[in-house]
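Hi everyone, thanks for coming.

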Amino acid sequence: MFCVAFLLLTTWSSVECNPSPVLGDAVVDRYFIPKVCTREAKTETTFVITYNATFVDGKTFDSSQGGSAREGRLIAGVDKGLQGMCVNERRTITIPPHLATAQPGDVVPPDTTLVFDIHLLDLWNKADMVLTKTVVPESCSRRSVVGDYIRYHYNGSFLNGVTFDTSYQRNSTYNTYIGMGYIISGMDQALQGVCIGERRRVTIPPHLAYGEQGAGDVIPPSAVLVFDIHVIDFHNPNDTVNIQILYRPEVCNDTTAVNDLVHYHYNCTLVDGTLLFSSHDYENVQDAVLGSDKVIDGLDEGLRGMCVGEKRLITVPPHLGHGERGATGVPSSAVLVFDIEMMSFEKGVPPGYLFVWLEESPANLFEALDMNKNGEVPQEEFGEFIKLQVAEGKGRIKPGLTMEQIVTDMFQNQDRNKDGMITANELKLKVEEDKEREEANHDEL
Ligand SMILES: [Ca+2]
Ligand SMILES: [Ca+2]
């Protein structure tokens, strides 16, 4: 059974550390002082103590053992005797008769010296600042606000230094929305206004933590909690992709767009700089057709509008990246930073196309294709025609494929009866095919 008394100290200003101070005639024997004294009693401090009170002959007249927790002042001399006491300290306080004036209801015989044997378990102030220590990184472009989603590591301990919970042991950050009541209110406050990479130590009084009830077997009643927090990253669900242009060549006439095949180098890191992936590991540039779901949405967006040689830093929030589930090598809900250099790109064609006209297509396409005018177009003749259009800048083939692959595929599509020749009846532009297919679907309906 964990029985404690709560005392509120209100009546003193400061005290020198002294093994056995005499305070207002109360004699104090600090018979156990912790090596580390994280906090000591001050004005307006509330204590959690266990105590045993005896007369000078050793007979107990009051004790926290078996009693219920109570708040308030016991005896004037005890207040004075608690001054400067550290958490986990044990001391006896001997109260002379003139100070041993009891509260109404207490039974203390007159002219009696009392000895209190006290173990200070915890202390806090109502006015406690939650934040007690912080290390802010040199670069901090943004501070967290209510509604942000944060990932952080923490070590949770009591004032006596004993750890009760730590995210490091789980090897996984704690992730939560800030200021929305998902966590104890002291922590909700502590996580506001942080920078990415910031380290904070926060001391949370019980009324902003688990209160008089505590929590299960882990947090005792009225415990003050100390959290060492390391902010890994945070973002807002409304965040868009952030693009920072690091370098842009002076001459930049042509830029990347949807459907283009882009070739780029990249380093992908977490916001704390931890490298996850790099194209430099493979000595090959990375290829992607923009808008084709080849890469995560945020990166796809960030790669658009770039010219060759341009360098960008692209910051991708998780809802435009790998999301809450993460991916192999990517923690859940992680913000990713891509350091990009655009090496080259080839203009693309819309999905489903192998070739597009850059100008008006010939009025009579079959006549244009049938260059020797014999009424039929074999693959060789077809290929010559397509190559000519590309060479003259009138058309463009899908990037990433060879001319031979393109010509073979297109020819197979047009030679509908597979006799090795395209005839005038067989030839159709893709737009016509799509239109016919659409009409056929309507007919079915
Ligand atoms: Ca021909
Ligand atoms: Ca044919």
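Let's start with helix α6, residues 379–391: its 13 residues reach 18 Å from the first C-alpha to the last, close to the 18 Å expected at 1.5 Å a residue, taking 1.5 Å times one less than the number of residues. Helices here are DSSP runs of H or I, at least four residues, numbered from the N terminus.

A quick word on the source: this is a predicted model, where local features need pLDDT of at least 70, side-chain atom pairs count only at pLDDT 80 or more, and totals for chains, interfaces and linings use all residues. Residues are numbered from 1 along each chain as its sequence is written, with chains lettered from A and ligands numbered from 1 in the order written.

After α6 comes G393, with a positive phi near 75°.

Now the partner: α6 packs against helix α7, residues 403–414, at about 125°, with the axes 10 Å apart. Axes are lines fitted to C-alpha atoms over the stretch in contact, and angles run from 0 to 180 degrees between N-to-C directions.

Who meets whom? Q379, F382, G383, I386 and K387 in α6 meet M403, I406, V407 and F411 in α7, with C-beta atoms, placed from the backbone, within 7 Å.

Conventions
Helix = DSSP H or I, 4+ residues; strand = E, 2+ residues; numbered from the N terminus. Contact = placed C-beta atoms within 7 Å.
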